[in-house]
Amino acid sequence: MNIDINFLGILIGAIMASSVPLILAASGELITERSGVLNLGVEGMMIIGAISGFALMVITDNLFLAIIGSMLSGLLLSFIFGFLTQSLLTNHVATGLALTIFGIGLSAMIGKDFVGIPGKQFPLLFVNLKEAIPFFGPIFFGHSIVFYFAFLLPFGTNYFLKKTKIGLIVRAVGDSPLSAANQGINVLLVRYCCILYGGAMCGLGGAYLSLIYTPQWIENMTAGRGWIALALVVFATWSPLKVLVGAIIFGGITILQLHMQAMGIRIPVQFLSALPYIMTIVVLVIISRDSRKIKLNTPTSLGQIFYKEK
Amino acid sequence: MNTKLKVSKVSKIYPGCIANDNVSLNFQSGKIYALLGENGAGKSTLVKILSGVINPDKGQIFLNDKLLKLTSPKDAKNNNIGMVFQHFNLFETLSVFENLSIDNEKNNHQLRILINNILKKYNFKIDLDVPILNLSAGQKQKVEIVRCLIRNPKVLIMDEPTSVLTEQETEDLFLSLKKFSKEGILIIYITHKLKEVLSLCDEVAVMRKGKVVSISRTVDEELSSLANKMIGENLNKIKKIASNNLSGEEILKVSRLNFNSEDPYEVNLVDINFTLNKGECLGIAGISGNGQNELFQILSGETLSNNGSIKFRSKEISKLNPKERREYLMAFSPEDRISQAAVPSLKIYENVALNNFKTSNFFEKGLFNERKIKDHSKKILSNFSVNTDNVNLKSQFLSGGNLQKLILGRELITSPELLICFNPTWGLDVGAINYIHQTLVKINEQGKSIILISTNNDELLQLSDRISVINKGKLSKIMSAEEVNPEKLGLLMGGGLVD
């Protein structure tokens with residue numbers, strides 16, 4: 001019985017670890033969207049974060065620099081998006097899609113020389129506690145610093161949006177950029193900051209994959225997680241805590257269905273592979289069905305181009 | 001606390017249009033000033049300059065003899081100039097308190113006390129913790145006013161504040177404004193409604209085509225003198241000559257028409273019967289929301305009635321759609337210009353092409369005949385004096401009056417036998433209203449018939465030959481215009497019985 005419980009703990013720990021990139025990218029994108037900007041380039045920024053983190057790790061042999069570098073590269077990519085959509089007033093959707101295609105292509109090109117190079121063990125915290133405490137040990141301990149950061153992030157994001165003045169300004173800009181500008185708020189500055197923050201979080205999410213989760217570079221290794229993160233934000237109706245729930249469900253069912261496949265349960269593999277997507281959406285739709293709350297949380301100006309009268 | 005605001009030689013030029021041309025004005029606290037003008041006269045540009053939203057090309061603004069540099073809305077706020085825009089600058093999804101705290105440096109606790117004091121002082125009843133989208137238009141406006149009051153304004157500018165208010169809310173607003181004025185706040189009130197100027201303001205500046213054309217005391221003015229200054233020409237008094245050729249040639253006959261809606265917010269129509277003769281104008285009065293919408297939709301064919309008959313020149317048309325009815329030479333002008341009558345994001349000629357008749361040949365083998373449509377559109381623009389000749393202009397850039405002229409023109413250029421219009425002058429300024437009334441009288445004189453559904457009694461009494469009142473989906477007895485007066489109309493509209 002003891003062994004079973006410990007196995008369950010390890011399983012839950014693994015599920016949580018697998019949801020980290022989603023939480024990071026979705027939390028970042030959530031802030032971007034709350035300011036009224038729809039950046040569909042999440043996948044592109046994640047994959048760029050993954051390759052630049054891994055490349056920096058190989059070149060400098062310094063994991064700290066690799067993490068910072070991955071965030072900077074995501075930020076740089078999102079700056080291109082910000083410049084195009086906010087300063088040159090291009091369409092958000094088209095620009096975001098282009099960003100993803102660009103990111104995937106660029107990462108493959110940079111990554112050519114890094115395929116097959118083994119990664120480095122990322123330092124894990126509280127490893128001794130992981131062994132010492134049954135069940136809870138493997139869930140809560142023996143993870144990387146990024147893991148803990150990711151699980152605190154939705155709470156921080158929630159607090160930021162609901163309780164701080166700057167969070168209020170972000171929501172106001174997302175609600176009505178024109179009113180915000182007439183109130184003397186610098187809409188462009190707010191939106192740029194939110195875009196760059198989103199980019200950095202996507203970069204970090206990508207780096208988690210290539211440096212910590214499966215420490216190596218594989219072409220296209222984000223495998224659609226960016227799109228899942230985008231869907232999470234929408235189906236979680238722009239609420240950070242629901243994003244967390246959605247990410248864990250998605251990670252959980254992904255891992256469970258792998259186990260089911262391994263056990264040889266007689267359900268078509270295609271159905272099992274589709275299960276995480278279906279279940280995540282079903283659950284999020286159910287927990288977010290309060291139409292009043294949806295209306296209050298949805299950034300009204302999402303995806304609209306804003307320009308100031310002169 | 002004496003406040004003087006001086007606008008000195010302010011000009012603002014947009015490509016193709018001088019919005020403000022050398023505007024100079026002096027304001028002093030203790031008085032309520034009206035800035036009167038038609039849509040597009042330059043009032044809104046001037047107040048946007050005063051509130052720092054846009055920058056003037058030339059000119060200066062002085063507050064108490066100090067030159068102001070208003071390069072952003074923040075500057076206006078810091079100089080105690082408060083502004084309530086026509087389109088509210090509120091964040092719909094944020095709570096009232098969040099809206100008020102967003103640009104305020106005070107801490108939340110102090111701010112809440114301050115706001116509650118203001119609410120109590122002026123007897124405003126607003127819950128601070130509900131989102132703005134739950135509030136009525138009047139309450140939203142109060143939130144905007146409170147936002148200004150928090151900053152102890154010296155100047156308060158109201159941009160067409162009553163366009164969204166009910167009558168009761170308007171009265172409340174006027175009381176508040178008079179109170180603010182007594183407390184020494186300089187109030188500038190922008191409007192195109194003449195009655196409001198006379199009942200609220202002490203002085204009035206009239207703007208026309210970007211220029212200030214007159215400054216006077218309201219006691220020296222009356223409705224007609226202000227209207228003439230605003231339009232720049234003497235308004236032709238519209239005189240309806242009672243149609244003597246009511247030959248009894250029946251154009252439309254509606255009998256035993258019923259409509260039961262599944263939508264709980266729609267009004268059911270009960271046993272509608274009337275006839276309309278050639279060259280006649282039948283007015284349908286009523287308080288809005290008593291079935292006018294449903295009646296218009298059934299007459300135009302947008303929705304079909306459950307039973308009953310509509311006969312146009314003795315042909316049964318009750319099952320035809322609007323397009324088919326148009327082929328019979330009926331024309332329709334719905335109440336909502338922006339979403340029902342025209343598509344604002346389409347160009348003028350594209351909107352014209354939407355009214356496509358078999359005979360008009362706008363399309364050849366499914367393709368646009370652009371030349372033909374554009375020529376046709378140009379004819380409409382010039383025949384109905386729309387103030388542009390550019391058929392490639394997007395319709396959303398037309399003012400309400402010009403859009404209505406375009407819509408009426410589109411409907412009338414095919415010389416229909418019957419025009420059904422619903423609140424054709426709603427929200428328009430005096431000049432446009434006058435033009436549209438003239439047009440309606442003219443088509444009556446040409447022997448065409450009109451059904452005028454309107455909530456404006458003056459308009460109905462002026463234009464109709466016969467009038468009926470709709471109340472809770474029922475039509476009253478149809479009366480000839482001579483036997484109706486405003487009092488009788490009011491009584492019928494409220495559901496009172498008159499024999």
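Predicted model: local features only at pLDDT ≥ 70, side-chain atom pairs only at ≥ 80, totals over all residues.
Reading along the sequence gives the pattern α-α-α-α-α-α-α-α-α-α-α-α-α-α. As for overall dimensions, a compact globule of 310 residues would have a radius of gyration near 19 Å, and chain A comes in at 20 Å, so the two agree. Along the principal axes, the C-alpha atoms of chain A fill a box of roughly 70 × 45 × 40 Å. Of the 310 residues in chain A, 48% are buried. Among contacts in chain A with a separation of 6 or more, 80% are between residues 24 or more positions apart.

Two helices of chain A are worth a look as a pair. Helix 7 (residues 145–163) and helix 8 (residues 165–175) of chain A pack at an angle of about 80°, their axes 5 Å apart. Since angles of 65 to 115 degrees count as roughly perpendicular, that is how helix 7 of chain A lies relative to helix 8 of chain A. On the helix 7 side, the residues that meet helix 8 of chain A are Phe160(A), Leu161(A), Lys162(A) and Lys163(A). Their partners in helix 8 of chain A are Gly167(A), Val170(A) and Arg171(A). Sorted by type, the residues of this contact come out as 3 nonpolar, 1 polar and 3 charged.

Helix 8 of chain A turns up again where the two chains touch. That contact takes 15 residues from chain A and 18 residues from chain B. On the chain A side, helix 8, helix 9 (177–182) and helix 14 (291–297) each supply at least two residues. Helix 8 of chain A gives the most to this side, with 5 residues. By type, the residues that chain A brings to chain B divide into 4 nonpolar, 6 polar and 5 charged.

Over in chain B, helix 4 (residues 108–121) has 14 residues and reaches 20 Å from its first C-alpha to its last, close to the 20 Å expected at 1.5 Å a residue. Helix 4 of chain B is hardly covered, with a count of buried residues of 1 among its 14. Asn123(B) follows helix 4 of chain B, and its phi is positive, near 60°.

Methods
Residues numbered from 1 in each chain as written. Chains lettered and ligands numbered in written order. Axes fitted to C-alpha atoms, helices over the stretch in contact; angles between N-to-C directions. Helix = DSSP H or I, 4+ residues; strand = E, 2+ residues; numbered from the N terminus. Parallel < 35°, antiparallel > 145°, perpendicular 65-115°, else oblique. Contact = placed C-beta atoms within 7 Å. Nonpolar A, V, L, I, M, F, W, Y, C, P; charged D, E, K, R; others polar. Expected span 1.5 Å × (residues − 1). Buried ≥ 20, exposed ≤ 12 C-beta atoms within 10 Å, placed from the backbone. Rg over C-alpha atoms; globule rule 2.2 N^0.38 Å.
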